[in-house]
Amino acid sequence: MGAEQKINQLRNELRVHNHNYYVLDNPTISDYEFDLKLKELQALEVQHPEFFDANSPTQRVGGEVTKNFETVTHEFRMYSLDNSYSKEDLQDWETRIKKLVDGDIQYTCELKYDGASMSLTYENGLLQRAVTRGDGFQGDNVTANVKTIRSVPLHLKGDYPPKFEIRGEIVLPFDGFNKMNEERIANGEELYRNPRNTASGSLKLQDSAEVAKRPLECLLYNIKGQNIGIRTQYESLEKARAWGFKVPDASKLVNSIDEVLNFVAYWDVERHNLPYETDGVVIKVNDLQQQEELGYTAKAPRWAIAYKFKAEQVSTKLKSITYQVGRTGAITPVANLVPVELAGTTVKRASLHNADQIEKLDIRVGDEVYVEKGGEIIPKILGVDLSKRLETSEATNYITFCPECGTELIRKDGEAQHYCPNYNGCNPQIIGRIQHYISRKAMDIDGLGGETVAMLVNEGLIKNYSDLYELTKEQIIPLERMAEKSADNLLDGIAKSTQIPFERVLFALGIRYVGETVAKKLAKHYKSIDAISSATEEELVNVDEIGVKIAESVIDFFGSPENRLIIERLKQFGVQLELSAEALEGQTNKLEGQTIVVTGVFESISRTDLKKLIEDNGGKVSSSISSKTSFIVAGANMGPSKKEKAEKLQTTILNEYEFLQKIEYM
Ligand code: AMP
Ligand code: ZN
């Protein structure tokens, strides 16, 4: 047998044994035999570098070192999941989705693995890329590290499609986690906190050989791609399994929310026998076409929902209540607790939300309180153990003056939060607003961190974000922890921010209630800051999805002479305060004021592109047919109840070609 043949034979054998061991938990040879074969292959590969293969089983041991992980834009956004906690939540969800899709709905129930989400891309059966979720739009390329995870197949088997993405969770099973910690104890090192953070931390290690030593696993749950030929979620799990992925077999196909609840009840107990951490169940509409019909909200799919297992609780003592002032001036009361272990972390503080919450709980300093923590959520105080209340305890009086600047607090009718109205003179507000301005999703100013901002404000060098653009090197260098190079970086980062597109600048301004999505809407509609600042409240409210609260806040913001001055200065410094020519391209008002429903399957254009076209032309996409619907763009397989509704309301139905003609796109 020639060397190449032998190499290929060994690679294939090792792949099968690897799959048997790490994916199926069912090895058919001893570890010793496996090692012998691996060593033989390694030796041959060294002798014959011409047969190198990045996906060879020998590459699992790592060795590649990554200094900076490349940022990769996800082809399909990685969404988060909405949560539910009760039977009622699930029933509400079902009611909502039943309004939007036709026919019976089946659900797949899967466990919600608690680790780090991961997207793997395969082409022609080979692992091409592994990317972290990041902010959902962009993540880090961690391929070198993920390759070392034995349950991630480098070569697929069976009838896989030529190109697809598959998503899953990288978890660290308890066993492995405990072993890692035993070693830390032996070395006198600080312990890892919990498996989840350790798993996600592992992915960002620079040395992949280190990652290879960690017993990580990858559990898969979602396939994405064009024309994959899969029709249901359940089928996709089976396919993934057949191609060689590790897909836990706890998943179940059910026909009703009652059956979902049975699944939840079973696993709420049984999960304690699983080798890795789970924090709930994910329920997904099984039919992929129904999933398409349901689509996504700004954050999560409408076709899926997480059901969180009840969180762990402990009790501890409330030491004091302090008050934080946020960047919008909102006051948040914080409970300072006697530190207590809870769900693998030490809890010292918990949010008390607002004055109403304090009153409702009747919580007092010195009380023994119940604390709960679930997943990433900040710990929550559930209530007070009144049996342990001291006779000397006094009711909590909410503060009436700002703890930072002494200004009297206000509370608007119908609002839960107290505010410090000293917008331009209260330090945490000033600092918070500038920190928001420079943050990654806003102006993304490299070289300038939150602490430096606080220092610049406290030193009196800046009072608002427009002052950033006038900072000089001479002013910065004397600051703590600043040197020639860091000062240059900082100024460079600030200068570069003048390239950030208008909608992000609008978000960066930190106008209350103007988040990313609203900023995009306003930028698209008005196209420049001048147009927005001269809009009346009435006009603003007429813009799609802009309510009274947002409109009032925008009016308030631009009503302030100080803010207007700041904007003028930003303009002088070259910050983008209108849409660029590029952004304006393809934007028309052809569908202004029209609400359009998109349904069915299309031939010449993807549903996402179709929706984008509607929005680019000023129209609004809605998912259900009503008397407000201007027309429907229907592809093949429009559902019978939608059809019936359209007939009853006599709504115009266009096919994709008629629609494209209407907007003169073809
Ligand atoms: P959250 O981070 O709480 O919004 O929950 C969403 C995350 O749950 C997703 O990004 C996934 O990483 C994770 N997840 C874990 N198990 C599953 C599953 N079976 N299906 C979908 N998502 C899951
Ligand atoms: Zn204040």
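Helix axes here are lines fitted to C-alpha atoms over the stretch in contact, and their angles run from 0 to 180 degrees between N-to-C directions. The views below come from a predicted model.

**View 1. Helices α3 and α9 pack against each other.**
Helix α3 covers residues 87-100, and helix α9 covers residues 257-270. Their axes lie 10 Å apart, at an angle of about 140 degrees. The crossing is right-handed. From α3, the contact takes in Lys87, Leu90, Gln91, Trp93 and Glu94. These meet Ile257, Asp258, Val260 and Leu261 of α9. The contact of α3 with α9 holds 5 nonpolar, 1 polar and 3 charged residues.

**View 2. Helices α1 and α2 cross in a left-handed way.**
Helix α1 runs over residues 3-23, and helix α2 over residues 31-47. The two axes come within 10 Å and cross at roughly 145 degrees. On the α1 side, the residues in contact are Lys6, Ile7, Leu10, Arg11, Glu13, Leu14, His17, Asn18 and Tyr21. On the α2 side, they are Asp31, Phe34, Lys37, Leu38, Glu40, Leu41, Leu44 and Glu45. Sorted by class, the contact of α1 with α2 has 8 nonpolar, 2 polar and 7 charged residues.

**View 3. Glu165 is a buried residue in strand β7.**
Strand β7 spans residues 163-171. Glu165 counts as buried because its relative accessibility is 5%, and the cut-off for buried is under 20%. Beyond residues up to four places away in sequence, Glu165 touches Glu75, Phe76, Ser119, Leu120, Thr121, Asn222, Ile223 and Lys224. The side chain of Glu165 makes a polar contact of 2.7 Å with the side chain of Ser119. Another polar contact, of 3.0 Å, joins the side chains of Glu165 and Arg167. Leu570 is 405 residues from Glu165 along the chain. The C-alpha atoms of Glu165 and Leu570 are separated by 42 Å.

**View 4. Asn194 sits in a loop between two helices.**
Asn194 is buried, because its relative accessible area is 11%. A polar atom of the Asn194 side chain lies 2.8 Å from the backbone nitrogen of Asn197. Leaving aside residues up to four places away in sequence, Asn194 touches Phe177 and Thr345.

**View 5. Asn124 has a positive phi.**
The angle is about 45 degrees, although Asn124 is not a glycine. Asn124 is found in the loop between β4 (116-123) and β5 (126-132). Asn124 counts as exposed because its relative accessibility is 56%, and exposed means over 50%.

**View 6. Asp362 also lies in a loop.**
This loop runs between α11 (355-361) and β15 (368-373). Asp362 is not a glycine, yet its phi is positive, near 45 degrees. Asp362 is partly exposed, with a relative accessible area of 29%.

**View 7. The protein chain carries five assigned domains.**
Domain 1 covers 3-61. Domain 2 is assigned as 73-80 + 103-255 + 273-283. Domain 3 covers 427-499, domain 4 covers 502-584 and domain 5 covers 595-662. The C-alpha centres of domain 3 and domain 5 are 48 Å apart.

Methods: Residues numbered from 1 in each chain as written. Chains lettered and ligands numbered in written order. Predicted model: local features only at pLDDT ≥ 70, side-chain atom pairs only at ≥ 80, totals over all residues. Heavy atoms only, no water. Helix = DSSP H or I, 4+ residues; strand = E, 2+ residues; numbered from the N terminus. Buried < 20%, exposed > 50% of the residue type's maximum accessible area, 1.4 Å probe, protein only. Polar contact = N/O pair within 3.5 Å; in protein donor to acceptor, adjacent residues only side chain to side chain. Contact = heavy atoms within 4.5 Å. Domains from an automatic or database assignment. Left-handed = near helix turned anticlockwise from the far one by under 90°. Nonpolar A, V, L, I, M, F, W, Y, C, P; charged D, E, K, R; others polar.
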